[in-house]
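Take a look at the model below.

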Amino acid sequence: MKKSLASLLSGIVALGSFASVGIAAESTERSQPAELFTGSSPISITDQSLKTPAGDGSEEQVYNYLESVKGNLHLSSKDNIRGKFQIKEQQTNSKTGSQHYRLSQYINGIPVYGADQTLHIDKSGNVTSLLGTVVENVYQTIPQPLVQLKTISDTEAISAAVTDATQQYGPLGEAQITPEADLYYFIVAGEPKLAYKTEVNVLEPEPLRIRYFISAEDGTVLFKYNILEDLTGTGTGVNGDTKTFETRLSGSTYQLYDNTRGKGIVTYTAKNRTTLPGSLLTSSTNVWSDRAGVDAHAYAERTYDYYLQHFGRNSLDNKGLQIRSSVHYYTSYNNAFWNGSQIVFGDGDGTVFTLLSGDLDVVGHELTHGVTENTANLEYYGEPGALNESFSDIIGNSIEGENWLVGDKVYTPGIPGDALRSLANPTLYGQPDKYSDRYTGTSDNGGVHTNSGINNKAFYLVAQGGTFNGVTVAGIGREDAVQIYYNALVYYLTTSSDFSAARAAVIQSATELFGAGSAQVTAVTQAYNAVGVY
């Protein structure tokens, strides 16, 4: 029997196979692509269900809390909570003293794909929220021991993915990231199936980053999609402005290599070929004439500095990850993308785009995909994918901070004032600005570049304020707004978070940073009311 994805709040009262958990949501119709995180059935629970005795913020308190809601997790009193849920990460927010945990649900010692949770404990030791998804009623549906089900190896799963991609695209070039295959329980038609998650990541015959779920029983493809995170049409060209930036001297040659930030910011040229990263950009005088390289390098530095100064974050992984950029990719290439290990810029064709590294919010957008991949890891499909794109727009646009347009400096250079997207008015560029107008088809990975406008509009209203859809929002300013959204991305959102979960996460983030009943919490709540997300 096919089960449904239920939206929950911290108590995790569940109706279907997947249940979203959040705080203080209200009932509304939601949809997700049928192939991934199937179904959608909202539930509303107030945060009064979260009242629990204060603790010490330890792992023991986390498991004690999960034990207290075991019935809501569809577990019996005899079930071992530690065998069903495992803590994957713990972080402390130095600004608020809150403890943030990331957990995953397990079956037979194997994680369930997309069944991730975040649990939050304030500085006084109170559990404030539990968000994410759980899979219910599955522990009795696994008929055979794990050893009898698993029949292929991880190597065979990788080979199956490569074979499938080759059949569709032709002979593949060299892998850009060493392929790995991780074993999960993956929900297929409402039932858990053992599957390997892997990806094909190549540049030839074209840039591909295809995520595969390969059956561990027979090697068939259960599900796949291209997760290459790109910003097609984001930018309008290099404007001839003078910039200063860090370089490195090696012998008598200067290099576009900044070793003063994290583990380095390094900029290459692909020389209009498709081999990455290409050649390190160099100069004999330290006066640089490669406009694309100058902007890519300087804007990567500015993005790094923004994250450090505004959020205290040390590069994309918060561990100083080296930021690599390659400019002049392929010929007249109308795209920029993050491929999981670096950012890549085409030169554009001069009509649709100019040099795509020439817009700070494009660079910030792409690098924020790297931050998302290292935190919430929002699935690049359906509503989670639209949120993935939206958070890149929100933070990339905030790094530039000049207007509410995305890509206005490199997109359609012959059309003044044009842009790829507008946070203030998404409908200008074909995006919905409220949830009832969302795209529900399967194109564009379920509308990741289209439906991002809904969350973008909510952010704009939080920051700038205004009356929209009959709801008035008192803006709190861009700085408070971006702090709230960053905090939600890093600590609260999970792989399968949808728009309703994002509302819950952003409200809880505002509560953590500014307190319940604050103007910031009111603004966030009203903004999501205005765009029809409950």
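The paragraphs that follow go from overall figures to local detail.

This is a predicted model. The chain has 534 residues, and 61% of them count as buried. Its secondary structure comes to 12 helices and 25 strands. Contacts with a separation of 6 or more are counted next: residues 24 or more positions apart account for 63% of them. The chain exposes about 19,500 Å². Carbon and sulfur atoms supply 46% of that area.

Now the helix pair. Two packed helices are described by the angle between their axes and the distance between the axes. Helix α9 spans residues 452-464, and helix α12 spans residues 519-530. Their axes come within 8 Å and cross at roughly 140°. Angles over 145 degrees would count as roughly antiparallel; α9 and α12 are therefore oblique to each other. Their crossing is right-handed. On the α9 side, N455, A458, L461 and V462 make the contact. On the α12 side, A523, V524, A527, Y528 and A530 make it. These residues divide into 8 nonpolar, 1 polar and no charged.

A474 lies in the loop between β25 (471-473) and α10 (478-492). Is A474 buried or exposed? Its relative accessibility is 58%, so A474 counts as exposed, the cut-off being over 50%. Leaving aside neighbours within four places in sequence, A474 is in contact with G465 and A523. A474 and A523 are 49 residues apart in sequence. In space, their C-alpha atoms are 5.9 Å apart.

Definitions and conventions: Residues numbered from 1 in each chain as written. Predicted model: local features only at pLDDT ≥ 70, side-chain atom pairs only at ≥ 80, totals over all residues. Heavy atoms only, no water. Helix = DSSP H or I, 4+ residues; strand = E, 2+ residues; numbered from the N terminus. Buried < 20%, exposed > 50% of the residue type's maximum accessible area, 1.4 Å probe, protein only. Contact = heavy atoms within 4.5 Å. Areas by Shrake-Rupley, 256 points an atom, 1.4 Å probe, with all protein chains shown as cover. Axes fitted to C-alpha atoms, helices over the stretch in contact; angles between N-to-C directions. Parallel < 35°, antiparallel > 145°, perpendicular 65-115°, else oblique. Left-handed = near helix turned anticlockwise from the far one by under 90°. Nonpolar A, V, L, I, M, F, W, Y, C, P; charged D, E, K, R; others polar.
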